[in-house]
Amino acid sequence: MSEHDKDAQDSPPETNARESQEGEAVETTPATPAPVIGEIEPVEMAQAAIPETLPVLPLRGLVVYPYAALPLMVGQARSVQLVDDAMRGNRLVALVAQIDPSVENAQPDQVRRIGTAARILQLLRRPDGGLMVAMQGLERIRIDEYISESPYLTARVSSYPDPEDTSLEVEALRRNAVAAFQQLVGLAQYLPEELATVVMNLEDTRQLIYLIAQSLQIDLDVKQEVLENDSLSGKLRKLNEVMSHELEVLELGRRIQGQAQEEMSKAQREYILREQLKAIQRELGESDDQQAEINELRERLEKAKLSPEARKEADRELSRLERIPTASPEHSVIRTYIDLLISLPWMTSSGGEIDVPAARRILDEDHYDLEKIKDRILEYLAVRKMKHDRGIEGVAGEREPLLCLVGPPGVGKTSLGQSIARAMGRKFTRLSLGGVRDEAEVRGHRRTYIGAMPGSIIQALRRAGTNDPVFMLDEIDKVGSDWRGDPSSALLEVLDPEQNREFRDNYLDIPFDLSRVTFIATANTLDTIPPPLLDRMEVLQLPGYTEDEKLMIATRYLVPKQREANGLTEGEITIEERAIREVVRAYTREAGVRTLERQIASLCRKVAREISERTADSGAAHRPNESDESIAKDTSTHEAQAPILELPSANSTDPGEIEPVGDGAGAATPVATARPVIVDVAAVHRLLGREQYHNEQAERIDRPGVATGLVWTPVGGDIVFVEAARTPSKEERLVLTGQLGDVMKESAQAALTCVRAGSSRLGIDPDLWDRSTLHIHVPAGAVPKDGPSAGVTMALAIASLMTGRPVRADLALTGEITLRGKVLPVGGIKEKMLGAHRAGIRTVLLPRQNEKDLDDLPSELRAEMRFIPVGEIQEVFDEALLPLVTEPVLETERISA
Ligand code: ADP
């Protein structure tokens, strides 16, 4: 075997022959004209008789079929010699594929046994010594036996043509193959479109098979299999199988590409639209502000802790917001809504631990006395703590009572609520229900309404910033209801532990959990609280304070508080005890301490002003000879604005020129030496102006026919004067004035009958009644009055009038009267007694059955007042009527005249 044995080089697998026209130094064989390779005419197979021996050219990575015309690159010396030798002879060679394309100098056992006999059509010699050979495949051959291996392989071969087959099956398979191939041409880039037409027009099935097989980019083994398969149907089946697989792959690829393209173009479209939108917004002056706003909202949303439901809603609204121009009214609606979602305390709680002893300390710190109330609050807190510690909090069906603090204004209801919050380590929030008539105020308006807002419950929680605050429902007695719905039904839902887990505000429209909120209610009176609400409440009564209690509250709490609030220090102002008493007596008339606090605030403010004015003037004041004069002038020319404090002056020789702060006690107030301004009684008068209340008792009860009664009102107990007058008339008549309610009117009737029945005992001329019109008037007419408790008072006024005996001026009374003259018990004794004391009354007549209520009274009241229990009206007359001063009839006649 020669060392020159070389393999034939593969041609590129492309069948497109034109691509192989590349040789520069062209040397065609003289025998044949040089046809264009692509236009080689198919050779008549019959002409090609296959000789018995043929030189074998092993092909690397290529299978050549009969009918195929294609160029081959031949580079190896062994193969070049083979081609050269063949060119000199019959130009025929055997083209057989190598088993392993990577092997060089393939030996007989490394090439396939079935191949194709081919004729060399044309030859180009390349400068590097290699050849470009145009080949025409002729017929299938089988290698029977190698007869030499040097200088190249030569073998004995036999022609091995494919058997003819015109069966229906082959026809069907063939059509199938044509269709599949046409489809493939449509999809595969590497198949030129003309091929589809060529294939369609081919009549010879074998030619068709080989052309298709040659065109496809398929596995070499498969190509060889097509060649070797001995039946046309087998070949076609194989091809169909390969092609349908190929189609699937291509189709899938196309779809993937399509999708990718679609996504690409969608993203592109959106990008373009967004850019356009931005341009439009810029034109409209909206520019990037909107985006900045959205980004800011999104950032806040990320940070906020929302319930999952709220988060979903917020995200949805946010993406809506993005699409709505800022100028649109809807934009701000959505924006407000998202803001609310973000700012609500969905998951934020303060969750402080309840410490009962600490709570006691806090309550004592904030409030004077109120022992019973504090005890009850501590019990309440202890139970809460116990339940919490034992994990039985908020058990379904387990209703906690709603604490309701009831009492006149200014008795500390709100501040108790604040203390409870402090004791529980919770935030405090309140909602005033006074005058709320519309359910939507509590529950909000649906967002579809313009200007819709969340209800007051949700707003209060937003203010609180936590979901477990102490929530005060203020003035729950003033909730109204009308055609706009019943707010109390919304309140019931809020307070019901079974429902308030999922409280739904109309505006919010997502449930908010209220189960951790501690509700406390306040009211002035129980009478007007809707019964279902009242049913849920545990009532704690705060009737009001006595003068001494007010004094204590003022000194310990209100003065320090107001001093601080007005920027003063302890060293700068002292309000004398007598001065506070004066404020209580002459400048307030209330059950609570609200006005008192206001008056103290006013004192502090005025002192603060004086101090700062004096400090500003102090430079001048210290100039010798000037200061005294200027102050003196001040005081003399502006009496109304007389200074209440004076700066110390070393030169002051005549203190008489300087008006002191009060009645002399702590007059001079040197800021420089930090001696406090002392506010005494005189200073109070000067600073607060004229007394606002005085004891009118003596003036009012100066004649027969007037009596002082005690009444209960939502703002505390008070006194009223009942006046009676008689005018002569033909028949008996009773006139009632002063906005009296029905019950009170009936009570007046009963009082009249009762007195009349006892005329003889009182020494009243029985005939007098027939000739009189009796007029009973209860002044302060703008205040509606009702209830039976003025019965005895009216009877006393009538008796006084008819007997001409005046009523004792220092005395007041309460009690219901029966026709037979019995005195029946009434309510509100504690408030009434406080009111009486406040008004300067020191003797009270009250129904005997109410005696037990006196146990609750503050000791101060019991010490200063005299309580006379009565069971019969006669006892009242005996106690209250003074001896006769004038002739009764004359007196009354004179009044009426
Ligand atoms: P209400 O809610 O009952 O109308 P507030 O709670 O507003 O009354 O009380 C008015 C003022 O009186 C508050 O400054 C409160 O601190 C003060 N106050 C009321 N009662 C007391 C008390 N017992 N001790 C200390 N301060 C009190």
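Author: A salt bridge is a side-chain nitrogen of Lys or Arg within 4 Å of a carboxyl oxygen of Asp or Glu. This is a predicted model: local features need pLDDT of at least 70, side-chain atom pairs count only at pLDDT 80 or more, and totals for chains, interfaces and linings use all residues. Residues are numbered from 1 along each chain as its sequence is written, and side-chain values use heavy atoms, with hydrogens and water left out.

Reader: Why is the contact of Glu-322 and Arg-298 called a salt bridge?

Author: Their N to O distance is 3.6 Å. The cut-off is 4 Å, so the pair qualifies. Glu-322 sits in helix H8 (residues 308-323) and Arg-298 in helix H7 (residues 289-303), 24 residues apart. Helices here are DSSP runs (H or I, at least four residues), and strands are E runs of at least two, numbered from the N terminus.

Reader: Why is Glu-322 called partly exposed?

Author: Its relative accessible area is 25%. Buried means under 20%, exposed over 50%, partly exposed in between (1.4 Å probe, protein chains only). So Glu-322 is partly exposed. Arg-298, at 32%, is partly exposed too.

Reader: What makes Glu-365 and Arg-422 a salt bridge?

Author: The closest N and O atoms are 3.1 Å apart. That is within 4 Å, so the term applies. Glu-365 lies in helix H10 (residues 356-366) and Arg-422 in helix H12 (residues 413-424), so the pair ties together parts 57 residues apart in sequence.

Reader: How many salt bridges does the structure hold?

Author: The structure holds 64.
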